[in-house]
Amino acid sequence: MDINLTPEALLSQLGYAKTEPSIKQMEKTINNTNGFNKFSKHILSLHDQLAHVKGFIALSNSKDVFKIKSSQEVSSEIQEEFKNLVEGWANKYKIELEKVEKKPTYYIIGQ
């Protein structure tokens, strides 16, 4: 089942204010993410799962993609759990990620 989330709904679910610039950025990000509508509902479930390891999903400031990010101020065990959650999610839903070197950050490229 495909669920189409509006840019406004996604902004709200990810904790952003609904401003004209943020809505435009979300629209660009959705359009730039291959197969977004096929896995969009899973982005929100991952966002919820990441909270306990100080992780979250956000809009990237440098690219028109979503990023998955964690705090660098956590234990190595929490960092490993974050990595396993993200990579397990990507494998399960066949999502292509781009790892940011030397940071607990991934870009969601799409399917």
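Buried means under 20% relative accessible area, exposed over 50%, and partly exposed in between, with a 1.4 Å probe and protein chains only. By that cut-off F39 is buried, at a relative accessible area of 0%. This is a predicted model, in which local features need pLDDT of at least 70 and side-chain atom pairs count only at pLDDT 80 or more, while totals for chains, interfaces and linings use all residues. Residues are numbered from 1 along each chain as its sequence is written, and side-chain values use heavy atoms, with hydrogens and water left out.

**Overall fold**

- The chain has four helices and four strands; these are DSSP runs numbered from the N terminus, helices being H or I of at least four residues and strands E of at least two.
- Read from the N terminus, the order of elements is α-α-α-β-β-α-β-β.
- The radius of gyration of the chain is 13 Å, which agrees with the value near 13 Å for a compact globule of 111 residues. The radius is taken over C-alpha atoms, and the globule rule is 2.2 Å times the number of residues to the power 0.38.
- Along the principal axes, the C-alpha atoms fill a box of roughly 40 × 30 × 25 Å.
- Of the contacts between residues at least 6 apart in sequence, 53% join residues at least 24 apart; contact means heavy atoms within 4.5 Å.

**Surface and charge**

- Of the 111 residues, 39% count as buried.
- The accessible surface comes to about 6500 Å², and 47% of this belongs to carbon and sulfur atoms. Areas come from the Shrake-Rupley method with a 1.4 Å probe, and for residues only the protein chains shown count as cover.
- The chain carries 15 positive and 14 negative charges, whose mean positions are 1 Å apart. Lys and Arg count as positive and Asp and Glu as negative, with His and the chain ends not counted; the places used are NZ of Lys, CZ of Arg, CG of Asp and CD of Glu.

**Aromatic pairs**

- A search of the whole structure finds five aromatic pairs. Rings of Phe, Tyr and Trp (its six-membered ring) pair if their centres lie within 6.5 Å; planes under 30 degrees apart count as stacked, over 60 as edge-to-face and the rest as tilted.
- F39 and W89 are an edge-to-face pair, because their ring centres are 6.4 Å apart and their planes stand at 75 degrees.
- This pair links distant parts of the chain, with F39 in helix α3 (residues 36-50) and W89 in helix α4 (residues 76-93), 50 residues apart.
- W89 counts as buried at 4% relative accessibility.
- A tilted pair is formed by F82 and Y106, with 6.2 Å centre to centre and 45 degrees between the planes.
- F82 lies in helix α4 and Y106 in strand β4, so the pair ties together parts 24 residues apart in sequence.
- F82 is buried at a relative accessible area of 2%, and Y106 is buried at 5%.
- One aromatic cluster consists of F36, F39, F66, W89 and Y93.

**T105 in strand β4**

- T105 lies in strand β4 (residues 105-110) and is buried, with a relative accessible area of 5%.
- Neighbours within four places in sequence aside, T105 is in contact with K67, I68, K69, E98, K99 and V100.

**S22 in helix α2**

- S22 sits in helix α2 (residues 20-32) and is buried, with a relative accessible area of 10%.
- Not counting residues up to four places away in sequence, S22 touches L11, A17 and L59.
- S22 and H52 are 30 residues apart in sequence, and their C-alpha atoms are 26 Å apart in space.
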